[in-house]
Amino acid sequence: MANGWGWPFSGGYAGYEEGQQFGFTSYPRGNTNFHDGFDFGSAKYPGTEMHAIHDGEVVYAGFAPAGYEALGTVIVTLTDNGYYIVYQEFGTSTANIHVSVGQQVAVGQVIGTRNTSHLHLGITKKEWLAAQASAFTNDGTWLDPIVIIEHGVSDDTQTTGGNKMFCLYSNGGATYFCSGDALYVLTDPAQINILQAIYNANTGKDMPTFDWNAPNPTSGLLLDVFRHKVDVSALKAKLEKAQAQPAEEDISTEAGE
């Protein structure tokens, strides 16, 4: 756990199937490909007991309100520093909910039982129902749950363009948007134009763009870095090997001449 955050299911981070991750995916939602949370699917996250990922007060528990029925069963908690944590789509009945409004929960406490294919987990600093207006929009309303669980948050956490290491890059025939916390696959040229426009409006500059389709011994490591699958010692060894390889080639070329 980082700064009081934990996982909803035992075993920690186990990755995702395409479409379950936060951000832009290849799966269409609404009129975009933006996913405002992370789906903890039962295939990668087995078990039925659903745990609170942070201390907080339960501010909603039940079926989603009228007009928001697609959210299914919902538990919402509010942390003491203003983060709404939305657990949704995890149950088929209110019997799957084990907490009530006004109750204080602790990180790791069992708050519900999952009997569907996944738990959709969302985190936002905006009032949770008001935040639904941005369910299909990457405007900073919804935050990456994996990043927050793994690294925690601070009061000066920035969520808008120009405050992090934003860039676009292409590699292996795909184009990626790097938010500084995660990588998102871009599937439509319009997404690139929109991201560039937002970045320019926020900073007055063009977003850095890189083409890494040419052979590059280190570019492939970026995916591992942002998908949180990095073994530090292994990464160091790979980087040292990649950095040493050109020098070895230069020496052999000079010897041949």
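A nonpolar core is a set of buried Ala, Val, Leu, Ile, Met, Phe, Trp, Tyr and Cys residues joined through side-chain atoms within 4.5 Å. In this predicted model, the largest such core holds 28 residues. Trp 5, Phe 40, Met 50, Ile 53, Ile 75, Tyr 87 and Ile 111 touch the most other members. A second core is separate and has 20 residues, including Val 74, Ala 131, Leu 168 and Tyr 184. In soluble globular proteins, nonpolar side chains tend to be buried together.

Beyond four places in sequence, Phe 40 touches Trp 7, Pro 8, Phe 9, Tyr 45, Arg 114, Ser 117, His 118, Leu 119, Leu 121 and Ile 146.

His 54 lies in the loop between strand S4 (49–51) and strand S5 (56–63). His 54 counts as buried because its relative accessible area is 9%, and the cut-off is under 20%. With neighbours up to four places away set aside, the contacts of His 54 are Asn 3, Gly 4, Trp 5, Thr 79, Ile 85, Tyr 87, Val 105, Ala 106 and Val 107. Among them, Trp 5 and Tyr 87 were named above for the largest core.

The average pLDDT is 81, and 73% of the residues score at least 70. Over residues 155–163, pLDDT stays under 50, and the model has 13 contacts there beyond four places in sequence. Over residues 247–257, pLDDT also stays under 50, with zero such contacts. Where pLDDT is low, the predicted coordinates should not be read in detail.

Definitions and conventions
Residues numbered from 1 in each chain as written. Predicted model: local features only at pLDDT ≥ 70, side-chain atom pairs only at ≥ 80, totals over all residues. Heavy atoms only, no water. pLDDT = per-residue confidence, 0-100. Contact = heavy atoms within 4.5 Å. Buried < 20%, exposed > 50% of the residue type's maximum accessible area, 1.4 Å probe, protein only. Helix = DSSP H or I, 4+ residues; strand = E, 2+ residues; numbered from the N terminus.
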